[in-house]
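Open the model in your viewer and keep the sequence panel beside it. Each stop below names what to select and then says what is there.

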Amino acid sequence: MRAIQVQRLGGPEVLELTTLPVPEPQAGQVRIKVQAVGLNFADILAVRGEYLTRTRVPMVPGMEFAGIVDKLGEGVTHLQEGQLVAALGGTGAMAEYSVIPAAAVLPIAQNLNAREAAALPVSFYTAYFSLATLGQAKPGEWVVVQAAAGALGTASVQLAKAMGLQVIALASTEEKLEVARSLGADEALLNTRTDLVDAVKSITGGKGANMVLEIVGGRGFQDSLAMLASRGRVLVIGSASREPSQLRPVELMKKNLSVIGVWLMPFLADVEVMSEATAFLTKLISGGRAKPIVGRTFSLEQAGEAFDFVWNRASTGKVVIEP
Ligand code: NDP
């Protein structure tokens, strides 16, 4: 089968299109014929060796995908061959076939196609855990969503609106702000503004926002703290800027602020929280109240171009790679 393989860490130049044997599912596993792979910022960081976990080579990148169940390993009874599913694993998606534990297969709403299904798991589950599980968002609260036109951003804006929040979207271009507005953002501000904190304060009637989804990190982190209302929460989800953020814990005292770290991966082993998230997301998406936003689509041969596209901030929504 055709696959993208990485033998040494680096930028898009280390992605090799190669031929590998079709993998066989073991007991408890399932083989999926991959139709679409969601490209995450984390995949690019992993290939560069800059992700939260250590990258071991050789590896086939790609943590989320959608495709057709092709072969069931021993003991897997709840899936059927021929069924379209989404999956969230660690690596191995950028190939014609991928074998994963059956537990990593996620049910999907009937109204999604393969591209949309591939664009869902990382962004929507992370947005849910940030806003609902960890952020304890309440209807009527104001949330600032950074990189709001990106993959995680577009999921977060839609989810926040569905939860009854008021959304201030931040992004680097007018086109990106328009994407956020089209998904229901109440306000949209260029993140290059020097008066960003004042603008958020003024929109929120002088009080400040209740939550910030910190996706970019770096120097803007100080602004995130400054734009919060009393008892506000910063959800630290990403650091797309790859700049260090400064935090002096005593700064949190004056307004009773909380800084909460978010990482999707540990949630995957929590069956109760995962099924709560799945129930919420499936209902929302099958009811047409939210949808994964698919940006540009690339072929497996164009994987390097796709990596560059996201890395250079050219993407909106989720970039998808089709084997
Ligand atoms: P996006 O589609 O959001 O793309 C990244 C966006 O970040 C860009 O479009 C850009 O938006 C913004 N950005 C700001 N500064 C930079 C920079 N220097 N280089 C590149 N981009 C920059 O990607 P994802 O949705 O895949 O991920 C967004 C972030 O969230 C990443 O840091 C990722 O690791 C993290 N993440 C974390 C998860 C978790 O479990 N904690 C799960 C999912 C994602 P703009 O031009 O508008 O500024």
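The tour goes from the ligand to the nonpolar core and then to some loops.

This is a predicted model, in which local features need pLDDT of at least 70 and side-chain atom pairs count only at pLDDT 80 or more, while totals for chains, interfaces and linings use all residues. Residues are numbered from 1 along each chain as its sequence is written, and side-chain values use heavy atoms, with hydrogens and water left out.

**Stop 1: the ligand**

Next, look for polar contacts (pairs of N or O atoms within 3.5 Å). A polar side-chain atom of Ser172 is 2.5 Å from a ligand oxygen. For Arg313, a side-chain N or O atom lies 2.8 Å from an oxygen atom of the ligand. Ala151 uses a backbone N or O atom, at 2.9 Å from a ligand oxygen. The protein covers 91% of the 900 Å² of accessible area that the ligand has on its own (Shrake-Rupley method, 1.4 Å probe).

**Stop 2: the core**

Which residues have the most contacts inside the largest nonpolar core? Select Phe124, Tyr125, Phe129, Leu131, Val143, Leu159 and Leu213; the core has 48 residues. Such a core is a set of buried Ala, Val, Leu, Ile, Met, Phe, Trp, Tyr and Cys residues joined through side-chain atoms within 4.5 Å. Buried means under 20% relative accessible area, exposed over 50%, and partly exposed in between (1.4 Å probe, protein chains only). Helices (H or I, at least four residues) and strands (E, at least two) are DSSP runs, numbered from the N terminus.

**Stop 3: loops**

Go to the loop between strand S12 (228-236) and strand S13 (258-261), where Leu252 sits. Leu252 is buried, at 16% relative accessible area. Asn256 lies in the loop between S12 and S13 and is exposed, at 52%.

Finally, select Val57 and Pro58: the peptide bond from Val57 to Pro58 is cis, with omega near 0 degrees.

Key:
Polar contact = N/O pair within 3.5 Å; in protein donor to acceptor, adjacent residues only side chain to side chain.
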